Structures are given as C-alpha cells and as structure tokens.
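User: I would like to go through this structure and ask what stands behind each label put on it. Please set the values against the cut-offs as you answer.

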Amino acid sequence: MGESAPASIPASIPLTVSGAGSEDGIVADEKRNKRGAGVSAGLDDERPGPGAAADRGQTALELSGVTKHFPLRRRVTVALDGVDLTVGKGEFVSLLGPSGCGKSTVLRLLAGLEEPTAGQVRVDGRPPAALVGEHRLSVAFQQHALLPWASVAENIALPFRVAGRPVDRARIAELLRLTGLTDFAEARPRQLSGGMCQRAAVARALALDPEVLLLDEPFGSLDAVTRRRLNFELARIWTERRITTLLVTHDVAEAVLLADRVVVLTGRPGRVRHVEEVGLSRPRSGRLTREAAFHDIVDRLTALLDGDLESGAFPEEDGDTRSGRRLLPRRAR
Ligand SMILES: Nc1ncnc2c1ncn2[C@@H]1O[C@H](COP(=O)(O)OP(=O)(O)OP(=O)(O)O)[C@@H](O)[C@H]1O
C-alpha cells in the first residue's frame, strides 16, 4: 500500500451515484445528483463476504448538497459546490478529477477533518467525528508517517495504544501476513523500501478493523512498477475484508482497477460530473488490465479528464476564487 499516514483505517466507501459512460450519462448523473443520489445509513458489522457484491442498499457515506469554501485573506476558494454523493456499504469507490478540484477535500470532510460550509456530511448516518471517535473509520494519506524509531509491528500496533485498547498480537500477525511483511516485523521503517512502508501504513490503518477506509493517493510517491504491484495487493486485501473504501487518485488505471465505481469531479469548484460503473469481474488481476473492457473504461475516463484540460476547466488560474466578501457565508466574514 501507499506511504500513507493512517489516522485509522476505514473499510470501504461506495459512492452510490450511478451513471453511464456517455455524454448523456454525464448529464444524467448531474441531474441525478442534483436530486440527491440515495445514500442510506447503516454501517453495522455485517460486511459482504469475499466475492459478494457490495450492498448498495445500505449507505455508508453521504455528502448532501455539500459546498466548501476556504477563506484566504480577502478571497475565498470555492473548493466544492453542491456535491451530492452517496457511498454504499462494502463498496470500493475511486475519486478522480483535475488537480485542485476538491478530491482531498471530499475525503477530509468524510474523515471529519473539515466542516462543510453548507450541506451535510454523514458517515453511518452520523457526523464523521462519531465514527472517528469510535475508531471505526481510518484514513491513510500519501505520506506514511510511520514512527521512525518503532518496529513495523509496533507501528501497526499504534492504533490500539491510541485507542487505549490492549494490543491484539494475533491481529498484528494477521496484518503482517496480509501485507506480506511478516519477515520484517522487527525492522525499522528506514530498513524498508518505499512500497513496504506503504504496506505497513495500510496495515496500521486496518489495525482496528475499521468499517470505512479513506485513502488519499496512498501510492502517489511510488514508481509505476511498485505502484501496480501494490494495487493488486490492495485489491486482494480488499476482496478479503470488503471494507468500504474511498480512494482519491490521479491515476485512471489505478482507479478503475480497484473500484466498483469511479466518480469523476469537474474542475474547481468540484461537482460530480460522472459516475462510472466499473463492472469488471473480481478478483482483479494483471490479466484483467490487458483486456479490452478494462482499456475501454480507462480510455473513456481519460478522455473525460482530457476534455477538462482542453476546455480550460483546470482551475488553477483563479476561475473560482472570488471576492471573499461576496462569497463568504455571513458567519465567516
Ligand atoms: N486548508 C485550505 N485552505 C485554503 N484552501 C484550501 C485548503 N484546502 C484545500 N484548499 C483549496 O481547495 C481546492 C481543492 O483542494 P483539494 O486539495 O481538495 O484538491 P484536490 O483535487 O485533492 O487536488 P490535487 O489533485 O492537486 O491533490 C484547492 O484550490 C486548494 O487550494
């Protein structure tokens, strides 16, 4: 897995917004999202077993009419504008979009690290902080943030200590096995490769068996070959555990390889532009990535993102950064 700094590790996050791959589908998605794309609550511990379809009837994550403004001196950046998203229980959803479109902001809202300016964010029908406080939701960022002085096993055990729980050594051993790190349990992070650190960070995020896993570019710093290998490992782990997972990535192939659905945001301010139902069989393997069906989806999504770039929707040049006085909500002025 990626070198991510797990706050804790969430399970899987399905975004219950559906859509076709055509332009019409895109419009339909936007309309559907305007109406609110059914997210229902209910993260109990009955996860789908390996090979089972995700239970889209039960909503794990929900963004409803979410707008997020970031005040910056006298201006405001509109990061998200009226985003409606639902993620079903036991689903794996990837989030794609141009740089700066608000992908990480979506993830941070779901992790309770940011508050929406308007709209509602719910995890299991409650504010995200509730699940975070119960150690049922984990986040892994691009930087793994392993403790340099602690062994791999102790790093993976950290969430138990933070939660004030006795360390479950059998669970640590299971996670070491799951991530292929058994032989390196006593090694320090400096003695590991980048990919091994990423895997250790993911193992740590999974330590408390979270119900929701939020991954922000966990493999972003790795070379292509290592990244691809870790993608397959993540796919295998996910198939075994079926944690509701939301993955933020820039890599279209990675997004498709791992997800049940891929959600594409518009350039800033981010709105849901398109939802791609991946529909490829699991387990996902290297062979799958050589099949035409896989490439069709990757090509379609890549074209969608290229279109954003070509049409100037890439929003780094101030297009959505407006006068703070005009846009800031009254309470923020
Ligand atoms: N804490 C913050 N303060 C001010 N602006 C912020 C803050 N966090 C995010 N932003 C702005 O919100 C917008 C969306 O940022 P975000 O990191 O969510 O985008 P992203 O899609 O994840 O980008 P990238 O793909 O480049 O990582 C950006 O314009 C960013 O500058």
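The questions below concern a predicted model and the labels given to its parts.

User: Why is T239 called partly exposed?

Analyst: T239 has 16 other C-beta atoms within 10 Å. A buried residue needs 20 or more, and an exposed one has 12 or fewer, so a count in between is called partly exposed. That is the class of T239, which lies in helix α7, residues 224–241. In space, T239 and P283 are 7.0 Å apart, C-alpha to C-alpha, although 44 residues separate them in sequence.

User: How do you know which class F160 belongs to: buried, exposed or partly exposed?

Analyst: F160 has 18 C-beta neighbours inside 10 Å. F160 lies in helix α4. Beyond four places in sequence, the contacts of F160 are R165, P166, V167, D168 and A207.

User: Which residues of α4 are called buried, and what covers them?

Analyst: The buried residues in α4 are V152, A153, N155, I156, A157 and P159. To be called buried, a residue needs 20 or more other C-beta atoms within 10 Å. The cover over these residues includes α5 (169–178) and α6. Just after α4, G164 takes a positive phi of about 70°.

User: What describes the packing of α4 against α6?

Analyst: Two packed helices are described by the angle between their axes and the distance between the axes. For α4 (residues 152–162) and α6 (residues 194–206), the axes come within 7 Å and cross at roughly 30°. Their crossing is right-handed. On the α4 side the contact is made by V152, N155, I156, L158 and P159, and on the α6 side by A200, A203 and R204. By class, this contact has six nonpolar, one polar and one charged residues.

User: What makes up the shell around the ligand, by residue, element and class?

Analyst: There are 14 residues around the ligand, and F70, A79, S99, S104 and T105 come nearest. The elements that give two or more residues to this shell are β1 (55–72), β2 (75–89) and α2 (103–110). The largest share, three residues, comes from α2. By class, the shell has four nonpolar, eight polar and two charged residues.

User: What can be said of the protein chain as a whole?

Analyst: The secondary structure comes to 10 helices and 10 strands. Buried residues make up 52% of the 333 residues. Of the contacts between residues at least 6 apart in sequence, 77% join residues at least 24 apart.

Conventions: Residues are numbered from 1 along each chain as its sequence is written. This is a predicted model: local features need pLDDT of at least 70, side-chain atom pairs count only at pLDDT 80 or more; totals for chains, interfaces and linings use all residues. A residue is near a molecule or strand if its C-beta atom, placed from the backbone, lies within 6 Å of it. Helices (H or I, at least four residues) and strands (E, at least two) are DSSP runs, numbered from the N terminus. Ala, Val, Leu, Ile, Met, Phe, Trp, Tyr, Cys and Pro count as nonpolar, Asp, Glu, Lys and Arg as charged, and the others, Gly among them, as polar. Axes are lines fitted to C-alpha atoms, for helices over the stretch in contact, and angles run from 0 to 180 degrees between N-to-C directions. A crossing is left-handed if the near helix is turned anticlockwise from the far one by less than a right angle, and right-handed if clockwise. Two residues are in contact if their C-beta atoms, placed from the backbone, lie within 7 Å.
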